[in-house]
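I opened my notebook to look up a few things in this structure. Here is what I wrote down, entry by entry.

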Amino acid sequence: MVKMKNKFKLNKSEYQQVTANEPLDLDDALSVLEQRLDSEKAEASTALKANGEITALSDPTTWHKRVVVITGASSGIGLATAHCFSLYADIVYNLSREKGNDDNIIFMPTDVSNPDAVKESIRKIYNKEGQIDVLINNAGIGLTGAVEELLTTDIVKVINTNLLGVISACQAAIPFMREHRKGKIINVSCSMANSAPAFSSVYCASKKAVETFTTALRKEVAPLKIDVTTVNLPTAKTNFTENRIKQDSTNKAYRYRISNDIGRLEYAEQTGTSPATIAEELYKLSNRNFNSAVVHIKGKSKFKAWFTKNTEE
């Protein structure tokens, strides 16, 4: 049997690493010790595997229960992701207005666009479970139409859900993750935020803002052992298409172009990647270190050329 070292003293080089000409800081010292333990665990695990003493991760006996919070998990990609995580023995909470049809997912009625409601729901989850291991900010609303014709109430609704909802959930979960010095946050964006097709300006802006927010947050909490990334999803076949807020136009300057461009987008969505496929990729991602601020999940790309053309015009 391979035994792990159990040393809790800093050697000279490690002490110099954390002091940097300043008094020894306890958090810095803990970070160095945790890095050493992680390295030693990896070495021990490799040795055990070589000796045939442990099984692969696919063995259900090696699974561990994590507490996973997913916003907008009542349908579409959110529901598929929650279902996937629950199949692997995770305890999954759905923060949304509607329950969904999977009884293995714990429903917390929450208006994601309301910061107080989001923070209260996450606090209740932590009080019950004693930990929050993974937060997936998936909830989102679509909006299409010519900028000059969009209703202010619709713009505010999209920004509050797509961006403020993400920020609020992160604000609520980070203190608990920080306390345990571990946690993963996945903020969902989309490939369309980068191509930014016409008549999707506010939606794309909200999703691109999520990416920028996440990039900064990642740097902020990395020393606290909290891993953060944005996931850019491909177009997918879900009810997101029918739930999108659509501002039709009677103005001849926009009417035909909106109908044509949004029609293409909706066709791409309804012939796009299945939610189950995306859910599996998100599950795999949650079980490894995030190596970059943005992760792209590839999907069907029939309309890649059209999006590129639309962006360049």
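I looked up burial: of the 313 residues of the protein, 46% count as buried (under 20% relative accessible area, with exposed over 50% and partly exposed in between, for a 1.4 Å probe and protein chains only). I keep in mind that this is a predicted model, where local features need pLDDT of at least 70, side-chain atom pairs count only at pLDDT 80 or more, and totals for chains, interfaces and linings use all residues. Residues are numbered from 1 along each chain as its sequence is written, and side-chain values use heavy atoms, leaving out hydrogens and water.

Next I looked up the fold elements, and I found 11 helices and nine strands (DSSP runs numbered from the N terminus: helices are H or I with at least four residues, strands are E with at least two).

Then I turned to charged pairs. How many salt bridges does the structure hold? I noted 12, each a side-chain nitrogen of Lys or Arg within 4 Å of a carboxyl oxygen of Asp or Glu.

I looked at Arg97 and Asp111, whose side chains meet at 3.0 Å, N to O. Arg97 sits in the loop between strands E2 and E3, and Asp111 in the loop between E3 and helix H4, 14 residues apart. Arg97 is exposed at 58% relative accessibility, while Asp111 is partly exposed at 26%.

Within helix H4 I found Glu120 and Arg123, three residues apart, or about one helical turn; their salt bridge spans 2.5 Å, N to O.

In helix H10, Lys284 and Glu281 are also three residues apart, and their salt bridge is 3.6 Å, N to O.

My last entry is a network of salt bridges linking Arg244, Lys246, Glu266 and Glu269.
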